[in-house]
Amino acid sequence: MRLGRETAAQLAASVERPGYDPAAQKCGIVHFGIGAFHRAHQAAYTDAAMAAGDRDWRIIGVSLRSGDVAAQLNPQDGLYTLVERSSDAVTMRLIGSVARVIVAPEAPNDVIAAIASRDTHIVSFTVTEKGYVRRADGSLDTDNSALASDLSGAVPRTIYGFLAAGLARRRAAGLPGLTLLSCDNLADNGRQLRLLMRAYLEATDPTLADWFNAHCRCPATMIDRIVPAMTMEDRAWVAGEIGLEDEGAIITEPFTQWVIEDDFAGPRPRWEAVGAQLVDDVRPYEAAKLRMLNGAHSALAYLGLDAG
């Protein structure tokens, strides 16, 4: 039997349940790139914040290309098991923060409507560096076919086209601006996103660019958690542990870190109450990670290659 709203009560007693009714919560976040990392990181923090008393912060996930995650989560009403596993212990938790997943090429208007919704306050991203469509000098790559299509006014294919359409609807409806929250391993990611989004809007709708400058914020973040890809063997092991099939299950390490610049356009979950760090300047944390963690990873890789 597969995990879902109707079967969740049959989960093994060892699985921690959400401390709230997911179906009773509105969606306050739209997230582009709802892969394994997001579900083990930002979605888990948001689930914990709602368990601690926050309300109406469920997530509408957006897949820009593949329908795989939608096929995993939508039949399960967005529910999935997060497994933290180390050599010492295993803990399992049912995550209720994801409401549904939209496959953007199949339902582009649904993505735009979600961004434009009165309930939405944050649009976040884990789209990898490639998703920002940058040239080597950091500027927008207008030669990219998907971006060029968006700039021509066609049905959106990139984050910029979807955001521009959603923000235009918000402005027309008199709704407030949004916080655009990059959670990608991109140096100075908040500033980069702001510059790129502004460049896109200046090329397509300069008045909307002015509105964006005045009403939207793009805080910087630093993220850290190791989330290996799930295998068929992993899913079979999880099913044996929880007593249900879970196509959306994630296995990760116990360690997690999220540092966020405290610069929001409006309401936000109290992520700091469940382990995130809200700071004035993310750069020292970013530098520490690059030098201590990423540097060590690179050294191990080079030594391993040299050793065959």
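Residues are numbered from 1 along each chain as its sequence is written, and side-chain values use heavy atoms, with hydrogens and water left out. Because the model is predicted, local features need pLDDT of at least 70 and side-chain atom pairs count only at pLDDT 80 or more, whereas totals for chains, interfaces and linings use all residues.

View 1. A pocket is an open set of points on a 1 Å grid over the protein atoms alone, with protein on both sides within 12 Å along at least five of seven lines, and its lining residues have an atom within 4 Å of a point. The largest pocket holds about 610 Å³ of space, where a volume is the space filled by probe spheres set on grid points that are joined across faces, edges and corners. Its lining has 30 residues, and Gly33, Thr126, Val127, Thr128 and Asp184 lie nearest the centre. Helix H10 (283–306) is among the elements that give two or more residues to this lining, and H10 supplies the largest share, four residues; helices (H or I, at least four residues) and strands (E, at least two) are DSSP runs numbered from the N terminus.

**View 2. The second largest pocket.** About 320 Å³ of space lies in this pocket, and of its 19 lining residues the closest to the centre are Arg65, Asn144, Ala146, Arg157 and Thr158. Helix H5 (145–151) and helix H6 (159–173) each supply at least two residues of the lining.

**View 3. The largest cavity.** A cavity is a set of grid points where a 1.4 Å probe fits but cannot get out, and the largest one has a volume of about 40 Å³. Its lining includes Ile29, His38, Trp258 and Trp271, while helix H2 (42–51) and strand E7 (122–125) each supply at least two lining residues.

**View 4. The crossing of H6 and H7.** The axes of H6 and helix H7 (residues 189–204) come within 10 Å and cross at roughly 70°, the axes being lines fitted to C-alpha atoms over the stretch in contact, with angles from 0 to 180 degrees between N-to-C directions. That makes H6 roughly perpendicular to H7, a term that covers 65 to 115 degrees. Ile159, Tyr160, Gly161, Leu163 and Ala164 in H6 meet Leu193, Leu196, Met197, Tyr200 and Leu201 in H7, where contact means heavy atoms within 4.5 Å.

Methods: Angles under 35 degrees count as roughly parallel, over 145 as roughly antiparallel, 65 to 115 as roughly perpendicular and the rest as oblique.
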